[in-house]
Each structure stands twice: as C-alpha cells, then as structure tokens.
Amino acid sequence: MSGEERLDYLVVGAGPAGTQAGYFLERAGRNYLVVEAGESPGTFFRRFPRHRTMISNNKVNTGWDDPELNLRMDWNSLLSQENGPLFTAVTPRYFPPADAFVGYLGDFAAAHGIRIRCNTRIVRISREAAGGPGGESGESGGASGGDGRPRGDFLAHTEDGTVLRARRIIAATGVTCPYIPPFEGAELAETYADVSVDPAEFTGKRVLVVGRGNSAFETADNLIENAAVIHVAGPGSLRLAWQTHFVGHLRAVNNNFLDSYQLKSQNALLDGDIQYVKKEEDGTYRVAVKFARVAEVVKEIPYDRVILATGFRFDASVFDEDCRPALTIRDRFPAQTESWESVNVPDLFFAGTITQVRDFKRSTSGFIHGFRYGVRALHRILEQRYHGRDWPSQDVAGTPEAVADAILARVNRSSGLWQMFAFLADTVALGTDGSVRYHPEVPLDHLHPAVADGRFGAVDRCLTVTLEYGADHDKVNPFDVSVSRVSQESTGGLDGRYLHPVVRLCQEGKVLAEHHITENLENEWDSETVHRAPLIGFLRAHDVPGAPSPAAS
C-alpha cells in the first residue's frame, strides 16, 4: 500500500515493550499504531536467544492466588487490567522455550485488540519543520509538545511507500546491531547472531568465545560436550547475577562452564583484552590475548573457531540527521531524559530494553520483568503531559497509622516495586492543603522534577517508598556464613543487605530523613512490633502527615 496515515502515536517494534505500549494506548483510546518489520509480534524471539531457551523466570506454582504477587515470580507476562493472558498458562517450564513467547505475544495482542501492523519495515524517519501540516488528528493541544512549543510531525517512510505521520514516536526496537569490538581482525570472527548452534560442527575444535555476558557463556556451554578446548575471554572481573542482583550478569543456569574451568577440564576463562585476530592459510586463527592478572603478559593462542558474543547496539541509522537521537554508553543506547524522551529530539520516546540507560546494571529496565512497568510509567507520563490526566492516586487518611498501613500494604504486595527495585517509588504526596495522596510506581528520577513543577499538585513534602538492596550488597558473597546479617527481629534495617523497604521523607528534591524496614526471609513485612510500630514512630517523629510547613504555606 502507499499513501499517508496520521497518528498521535507511532510505536516502532512489536516486541514485548511495543506490544505493552500498544495495550495502554488502546485502553486509553488513543490514535496509535504499532508497526513490526517481521511477520508477527515478537519476531526477535524467533531467532534469539540462539539456543532457544529463555533465562527469564516462569514460576507457575507460587502458592499464591493474588495475581499481583504472582507477577513477582512471573518474568514474562505483560501487564493488563484484566490480568491476562498470562505466559504462565502457556508453558510450565521455569526457563521457557523462546518459541512459546512468540506465540504468547500474538495471543496477548489479539486478546486486547492491539493495533499491530506486521510486515511493515520503516526505512526512514524524518521530521517536518514546526508549523507543518500536522496536528489534525483531533487531539487537544495542536502540534506542540508538552512544553507548548510548536513542533513538526515525524514522517516514518515504510518499504511499501506508505508515510506514517506521527506527532510522537515510541521506539521499542531493542538492540539489533551486533557490536564488533575495535581490535584488529575482529571482522574475521563469527558473531553470536550468525554462528551455527549445532555443536557437532565444533567437534574436536579449539574455540574462542569473546564476551563476558550470558550469550558468551550460553554459547560456550552448548559446546562443552563436543569442542576439545573452549576459552571465554573478556576484560574486567566476571560479575555473577546471584551476587550483584543484576540479572544481566552471568546467571547460574549458564555457569556450568565455570565449573569445567575450575575443575580443570580443558576449558578456561581468560581475563584480559584481545589484541588481534589473524587468520592462517589453513583457516585457523592466531589470537593475541593481553592478560590482565599476569603483569599484562601478551600470549598468542591458536584456535579453529573464533566467536564474538559481545552484545548488541541500538540502530539509529533509520533516523534522518536532523532527528537522530544522541547515543550514550559507548553509543550503545539512545540518551534519554528522566521521562524516557530523547535528550535532543523532543517527542521521541523509548520503551523496552533500550531504556536500561536510566538504571544501567543497577535495576531491571533491560528485561521484560522490569520494562513492562517502565512502559506503564511512560504511558502515565504521556497521559499527564499531553492529555491532562493526573497520575493515578488514592486518598489516605491524614494520620501516621493510615500512612504506615498504606505503605505496608503496598510493599507486601506490589510487583512493580519488587521488580524495579530502587528505581520505581510509590509516592505519598503531602499537599500544602493537608491532603495525603498515594501515587504508585513513579520513577524516582522523574518524581522530584515533576513535584517541583506541580505535576503532582501543590506538594509540601513527600514520602518515597522503594524496595532496595543494602549498600555494598554486591561486594559480599551471600553464601559466606562468616558475614553476619541483620536479625529479622531488628526494628531498624539500615544495615540490611537483602531486599527491604526504604521510606524517605523529601522536600524540594532533598532527603530529610529515611527509614529502613528490616529484611524478612518471606518478604512479609506485617509484624506489629518489628515493621509497623517502628514505621509509625518514624512518621510521627518527622510530623508526617503533619501540617504544611510554614515555608510551603
């Protein structure tokens, strides 16, 4: 087809983030379209992960009947008001097959009537100058951004000649460009995206896998039974997810290779940098490795196969120069504001794994179980900015007991605070008029600017409620019994390293006081003496809710 279509929102990519964004736009009745280059939602998962097993938890049997609590253990289902469809109904496998997820996304989109147009590849995105013919979709506010400045429409050109005119774009395309490291001869190696996954092809071979992430170890683990020698090489210290609590670090399901290395089974982890790869006339390789832990010794090692598992990058090439988003973190991701908006292209927003730039290697925005909540928060930001809809809230009685009970009810049940630890915060806004309003799941980076410019009303002070790991939690081996832990009967959890609730009192973006609720083995903060009474004491000590401060009034 060809011609022009006009939209308020164009969502590029129908993976889990794009499909999730489409759900919220559909439910809000917005003028939108989700486009997908592949033949179905979730096309990426038809190819990745290469060995076809996802490492996102799919815990079917939790013992709970609360759908919100179950999402703490279900890392793949998308969010919906209807609590379905759920991925846990598709397969009981704890580490599920990737093909099952492709089918699930299609089912979710169909169940909710999400407008997804597949086999639609965007080849170029340009932007009109301000004052162009946009702004005719019927949405209030004209062709201006949330700050009132006039802006031109985006023009997304598809392969079939259609032009999609959009006031705003939500890019949910993920990271699709394999990263090729800048060492000599890197182009001679095979990449994770293209290398054969048939281990028989590597029988009796010496194999080098370059990389330190799950894709590198997934690749190596697949070859253990066939390859003669496997080396996994990369700079820096290896980080283990069970210690750092960042699930992008090496997961236990992929660390069988470490066992084979430490028990001297011909495999090895090389700590250092690749200097060069050279190909011999017989098709083998010579690779120079500069070791980090042996006084920078450089050793040349022979291999039969060299595989790059060095990650992927966001592809910004589809954007014209005048609306191309700036990149960050070694050009790996688009640079984003606290509202997931491009720092240099207004009205261009991002969703999905590319939003991890805001909590890089600290929380879970890079993964489905994290960014599904990020997409919901983004939708609320868009609704607030462009459609005049307040952030969802609930009135709370103006007593310390009522505020404490509201907080404890949420930390005992919320999946969003649980999954997006130290990133999303419930917010108790203490109004200058004495009102107390409870706002769920506001990104911390977004909260204080939003409070300052009145997006949460006239606020005197506010409480933030997060779930967090303790300071230096990633520096301690959690299985070392010589390292003491805070007693679960302690009434103050400041030194707790495991996940626990943290309540902070803030004013004008500054933290006035904070209270840590003691960690609990079952993550149940319902003890009157250990959890509730100390929290009420903290609120009373700081006059919360209290009367508006003189400065505010």
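Okay, one term before we start: a crossing of two helices counts as right-handed if the near helix is turned clockwise from the far one by less than a right angle. Keep that in mind, and remember that this is a predicted model.

Let's take helix α8, residues 400-411. With twelve residues at 1.5 Å each, α8 should span 16 Å, and its end C-alpha atoms sit 17 Å apart, which agrees. So which residues of α8 are buried? Those are Pro400, Val403, Ala404, Ile407, Leu408 and Val411. They cover an arc of only 130 degrees around the axis, so they lie on the same side of α8. As a reminder, an α-helix has 3.6 residues a turn, so residues three or four places apart point the same way.

Now the helix pair. α8 and α11 pack at about 130 degrees, with axes 9 Å apart. That angle makes α8 oblique to α11. And here's our term: the crossing of α8 and α11 is right-handed. On the α8 side, the contact residues include Glu401 and Asp405, and on the α11 side they include Arg532 and Arg540.

Last, over to α1, residues 16-28. Eleven of its 13 residues are buried, so α1 is largely enclosed by the rest of the structure. Among the buried ones are Tyr23, Phe24 and Leu25. The cover includes β1 (3-12), α3 (98-111) and α7 (368-387). Just after α1, Gly29 takes a positive phi of about 75 degrees.

Conventions. Residues numbered from 1 in each chain as written. Predicted model: local features only at pLDDT ≥ 70, side-chain atom pairs only at ≥ 80, totals over all residues. Heavy atoms only, no water. Helix = DSSP H or I, 4+ residues; strand = E, 2+ residues; numbered from the N terminus. Expected span 1.5 Å × (residues − 1). Buried < 20%, exposed > 50% of the residue type's maximum accessible area, 1.4 Å probe, protein only. Arc of directions from axis to C-beta. Axes fitted to C-alpha atoms, helices over the stretch in contact; angles between N-to-C directions. Parallel < 35°, antiparallel > 145°, perpendicular 65-115°, else oblique. Contact = heavy atoms within 4.5 Å.
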